[in-house]
Amino acid sequence: MKLLVTGGAGFIGSNFIRYILQARPGVTVINLDKLTYAGNLENLADLADHPRHAFIHGDICDRRLVGEIFSRGVDAVINFAAESHVDRSIMDASPFIETNVRGTQVLLDAAAEYWKERFGGRAVAGSERPVIFIQVSTDEVYGSLGSEGRFTEESPLKPSSPYSASKAAADLLALAYHHTHGLPVVITRCSNNYGPYQFPEKLIPLMITSALEDKPLPMYGDGLNVRDWLHVEDHCRALELVLFRGRPGEIYNIGGHGERTNLEVVRVILKLLGKPESLIRFVKDRPGHDRRYAIDPSKITRELGWRPRHTFEEGLAATVEWYKQNRSWWERIKSGAYREYYQKMYGAI
Ligand code: NAD
Ligand code: TDX
């Protein structure tokens with residue numbers, strides 16, 4: 001199977017490529033990534049010479065390039081490429097619309113054209129299915145919960161931030177291409193991920209790395225917003241199941257009942273590092289800050305047999321250890337040195 005992975009130099013994409021190459025000897029990966037500030041080839045350093053991994057530096061918005069990749073044959077697409085940070089989308093939504101919406105449309109167009117040309121757009125049964133398009137989405141498209149309930153696949157779309165609105169737009173486009181062109185699309189909506197190689201602007205790596213540097217830890221609002229945490233490896237296993245057994249036109253929620261307040265998460269990190277809670281600084285809240293997310297994963301559990309393997313406590317301890325052991329990885333990012341390196345290698349990013 002020739003798999004086009006977009007955004008494979010980012011956090012989840014790089015973990016997915018490492019995972020799938022090891023789990024599936026029949027899979028070859030073409031990794032298309034623009035190397036924005038969040039893309040980092042160091043995330044894939046151990047796979048640089050892997051015979052089943054090819055890296056292409058490029059933009060999913062580039063129709064010509066995407067068309068050329070499809071013309072060489074693609075059996076499945078997993079679209080991770082996105083602008084992914086809510087706070088950045090509040091400062092400037094433009095790159096979010098460009099990549100998350102227009103970029104997804106470019107990929108869908110190329111996939112639909114290829115699907116028609118090669119297979120006449122006909123539906124084919126499960127194991128024969130020659131093309132599938134997985135749109136990697138997020139629970140944030142459902143908006144915020146109160147203190148009760150969980151998001152199901154039927155929950156209404158009520159995105160609150162420019163980021164989540166752009167992801168919701170992409171989901172609707174993907175479903176429309178299924179409906180209109182018969183393209184076998186599957187949408188996955190996962191809760192907050194954590195694990196190795198996560199860019200240190202996101203809560204968990206930001207707090208771990210700042211605590212290691214004895215820097216203040218900015219806690220938005222009252223610190224009681226709830227996120228539903230899932231180890232990135234459990235997300236990757238869910239995507240593998242969806243890739244091979246997901247039903248076209250369906251949506252699968254992914255989450256492991258890992259609800260914690262931000263304050264709880266940061267207190268555990270500080271305890272694991274032996275650092276004082278006095279490092280926590282309550283700061284101005286994020287505008288439009290969603291209060292609570294919680295996923296009901298019963299559909300993917302029932303249909304595909306998925307269950308998380310990591311507990312939050314064990315997964316977080318392992319993640320803290322990874323950041324302790326890989327100081328040079330995040331110190332280079334935080335110092336901006338890797339940006340200079342990429343600018344030299346690839347020009348303006
Ligand atoms: P990330 O920011 O770490 O990585 C994004 C990657 O996409 C980077 O390598 C970047 O260079 C690349 N990219 C950005 N614009 C591109 C473009 N125009 N063309 C090609 N490549 C481009 O993000 P992540 O946390 O790994 O998230 C991956 C996907 O998973 C996103 O679609 C995100 O919405 C979704 N998601 C993330 C989480 C989470 O907790 N991190 C949870 C659910 C869903
Ligand atoms: O400095 C901080 N202080 C703080 O209190 C940061 C960066 C975050 N927070 C809070 C805001 C959220 O309640 O922590 C929580 C998690 O924040 P983020 O790590 O920015 O994640 P979130 O906004 O929940 O979005 C993430 O999960 C869903 C990813 O960034 C998205 O890409 C994914 O779709």
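How do the residues of the shell around ligand 2 divide into nonpolar, polar and charged? They divide into six nonpolar, six polar and four charged, where Ala, Val, Leu, Ile, Met, Phe, Trp, Tyr, Cys and Pro count as nonpolar, Asp, Glu, Lys and Arg as charged, and the others, Gly among them, as polar. This is a predicted model, in which local features need pLDDT of at least 70 and side-chain atom pairs count only at pLDDT 80 or more, while totals for chains, interfaces and linings use all residues. Residues are numbered from 1 along each chain as its sequence is written, and chains are lettered from A and ligands numbered from 1 in the order in which they are written.

**Ligand 2**
- Among the 16 residues around ligand 2 (C-beta atom, placed from the backbone, within 6 Å of it), those that come nearest are Ser84, Thr138, Lys202, Leu203 and Tyr220.
- Two or more residues of this shell come from each of helix H6 (203-212) and strand S8 (217-220), helices being DSSP runs of H or I with at least four residues and strands runs of E with at least two, numbered from the N terminus.
- Strand S8 gives the most to the shell, with three residues.

**Strand S4**
- Strand S4 (residues 76-79) is covered on both faces, with Ala76 and Ile78 buried on one side and Val77 and Asn79 buried on the other; a residue is buried if 20 or more other C-beta atoms, placed from the backbone, lie within 10 Å of its own, exposed if 12 or fewer, and partly exposed in between.
- In a regular strand the side chains alternate between the two faces of the sheet.
- S4 runs parallel to strand S1 (residues 2-6), to which four bridges join it, and Ala76 is the bridge partner of Leu3.
- S4 also pairs with strand S5 (residues 132-138) in the parallel sense over four bridges, pairing requiring at least two bridges found by DSSP, and here Val77 stands opposite Phe133.

**Helices H2 and H4**
- The axes of H2 (residues 63-71) and H4 (residues 94-119) come within 10 Å and cross at roughly 35 degrees, the axes being lines fitted to C-alpha atoms over the stretch in contact and the angles running from 0 to 180 degrees between N-to-C directions.
- Arg63, Val66, Gly67 and Phe70 of H2 make the contact with Val106, Leu107, Ala110 and Tyr114 of H4, contact meaning C-beta atoms, placed from the backbone, within 7 Å.

**Thr301**
- Thr301, in helix H9 (residues 298-304), is partly exposed because 16 other C-beta atoms lie within 10 Å.
- Leaving aside neighbours within four places in sequence, Thr301 is in contact with Trp306 and Arg307.

Conventions: Two residues are in contact if their C-beta atoms, placed from the backbone, lie within 7 Å.
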